[in-house]
Every structure is written in structure tokens, then in C-alpha cells.
Amino acid sequence: MQFSSSKTEVRPDKLLNVMWTSYYSQRLWHWGLILIYYFFIIFIKLFINTFGPSVRFFIIYFTATLFHFSFTPFSTPPANSSVRTKTLTKTEKANIFIPQYTSELITGMLLSDGSLYFVGKSARFNIEQKHKDFVFDIWNELNSLGIVGKSPTPAVGVLNIYGKLTRVTTYRFTTFTLPYFTNLHLQWYKPNLIPDVRVKYIKTLPRNISELITARSLAFWLAGDGTFEKGRGRITLCTDNFSEDEVIQLSSILSNNFNISSSLRSITSKFNKIYFRLVIPTSQLSKVQNLVKPFMPKAMLYRIGLES
């Protein structure tokens, strides 16, 4: 997960820092490399014997590398490039009702891997996660309300994880723009006061966050950003993208709402940035498991030390 000092609103095609610009340019580049490769084959056959051994080795190595990349499939288009299967009218959007249990899911995901971003003057909800079954579970619930289009799409990209570029495959989908999500954006985001062309809004905790975090919200929060440390029998919530004060506030909410004790753990990156995480100790493990198991997607039970 790419870290920033606070969760930011970035359009889905920017979230992974994908190395290519578009699916179609990938295909042009792909076939262009193949064409260049065949020109090199002709070149080698005609002229390679006129060069010395070291030059011949370089040419063979270069063309072999070119051959590898020319046939490496760039076949996965970004999810947001796909054509949606349906749209909603303004009247339909105004009549959409989001039930409480779905609001709890959305809260949990906004605390972890969910985001809201504007398309014009309205906002939509975005999910991006590497766990396919988990993403489809969320999509199925939102689809039952008629607020999503095409099913989740895989996208291969590169994440900058604490300074190390890592190739990952994630599954992503977005909802339609809705007044509901526009209102949520006002609660969860604030303008970015630090000059940054790419990031206009920064995610922050809503004022009523203590009222929003229920057992089901906690289940999806853990499913999205929880890590079970088997050796120590504890759960760590990767709240890296929230400020220290916000993480302290979240710890207090766990205590007040569910009587779950937790502590802060600071981590310093190679760039000397300090992140803060919530650690739920072994003594609280069974309490957490009993509380959230009924609401947590089965594929993600391992996040709290249980088998699916």
C-alpha cells in the first residue's frame, strides 16, 4: 500500500502509480517492439559476422531482451477504461437509498482501502484491493442496490511501498456518482493546503466517526487493513495514512465502543517518515474475533487469526 502522510483522494488510475499511460498505448508499444525485433533479426543475419565477439554478444543480449519485452503481455486495461454496462438518471440517483448495514461497510472501507473522488461536481466510491474474493463480496452488496456498473477488473501496476517498487495485481471497481457519496466526501475529506498538483483533497476522520464505527464497520476495516501476527497472536491495523492524533482517536473509539484495548506503534520509513499503527494485543484477540466474525467476509478471516 502506497503511503502518504494522510489518506489522499487520487483518481483510481493514479492510485497504483501505474507505469503505463493507457491500455491502447500499451498495445501500440507492444506491436512496435515486435516490428523492431524482426528488423533486428534481419540486421543480425546480414551483418553480425562483421563485428567482433564482444559486439556480437551485446547485439544478441539486446535482441533477446527486446524479444522478452515484446512478448510480455500488456493485456490488462485499467479498470476505469472499461465501458460501463449501465447508467443512472438524476432521478434514479436521487431515489437511491443506502441502508445502514451498507453504510457500515462503506465506513469500514473508507478507514482502509476505500476512497471517494469527484467526477465533475459529484463523487463516487472506489475500491481497490489485491484480494479478489473480498472485492467481489463488496461489489455484490453494492450491486444489489444498483449503484455499480461493471464487475471488478484486474489491473497490474507498480506500487511504491516504502521506497521499494513492487509489481502487484489488484481488483478495482467504482460506483456511480451519487448525492450520498458527495455528502460523504464533505465529511471524509478536506482541501489539501500543501501545494500538490496531483492531490486536491486529503482524507480525514469525520467529526462523528465514533458513531459510525460499528461491529460491521470494524469487521471491514480489519478485512481491509488488518494484519494478524501469528507469532505474537496480535492484530495490527495499518493506519499509516492517518495522523498520530487520529490514530489515538481511533484507539479511544475501540475502547469506548467495544471495550477493546489497543496501543500505538510508530514505524520510521527509510525516508525518516513516521507512521502510526494500532496494535490489538493477544489478550483482546478472542474479544475481537467474537465481535466481528459474523460480519467479516470469509475470505478475510485470516486477518483476525481465524480460518475461513
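Helices (H or I, at least four residues) and strands (E, at least two) are DSSP runs, numbered from the N terminus. By that rule the secondary structure of the protein chain comes to 11 helices and 10 strands. This is a predicted model, in which local features need pLDDT of at least 70 and side-chain atom pairs count only at pLDDT 80 or more, while totals for chains, interfaces and linings use all residues. Residues are numbered from 1 along each chain as its sequence is written, and side-chain values use heavy atoms, with hydrogens and water left out.

Of the 308 residues in the protein chain, 47% are buried, a word that stands for under 20% relative accessible area, with exposed meaning over 50% and partly exposed the range in between (1.4 Å probe, protein chains only). The chain exposes about 16,700 Å², and carbon and sulfur atoms supply 58% of that area, as computed by the Shrake-Rupley method with a 1.4 Å probe. If contact is taken as heavy atoms within 4.5 Å, residues 24 or more positions apart account for 68% of the contacts in the chain with a separation of 6 or more.

Turn now to one of the sheets. Strands are said to pair if DSSP finds at least two bridges between them, and four of them form an open, antiparallel sheet in the order E7-E8-E10-E9. Its edge strands, each pairing on one side only, are E7 (226–229) and E9 (263–268). Neighbouring strands of this sheet are turned by 35° against each other on average, direction ignored; axes here are lines fitted to C-alpha atoms, for helices over the stretch in contact, and angles run from 0 to 180 degrees between N-to-C directions. E9 and E10 (residues 274–280) pair over six bridges, and Thr268 has Ile274 in E10 as its bridge partner. Across E9 and E10 lies helix H10 (residues 244–258), which runs at about 10° to E10.

Is the side chain-bearing residue Arg216 buried or exposed? Arg216, found in helix H9 (residues 215–225), is buried because its relative accessible area is 13%. Its side chain is joined to that of Glu141 by a polar contact of 2.7 Å, a term for a pair of N or O atoms within 3.5 Å, of which, within protein, one must be able to donate a hydrogen and the other to accept it, residues adjacent in sequence counting only if both atoms are side-chain atoms. Leaving aside neighbours within four places in sequence, Arg216 is in contact with residues including Tyr101, Leu105 and Phe295.
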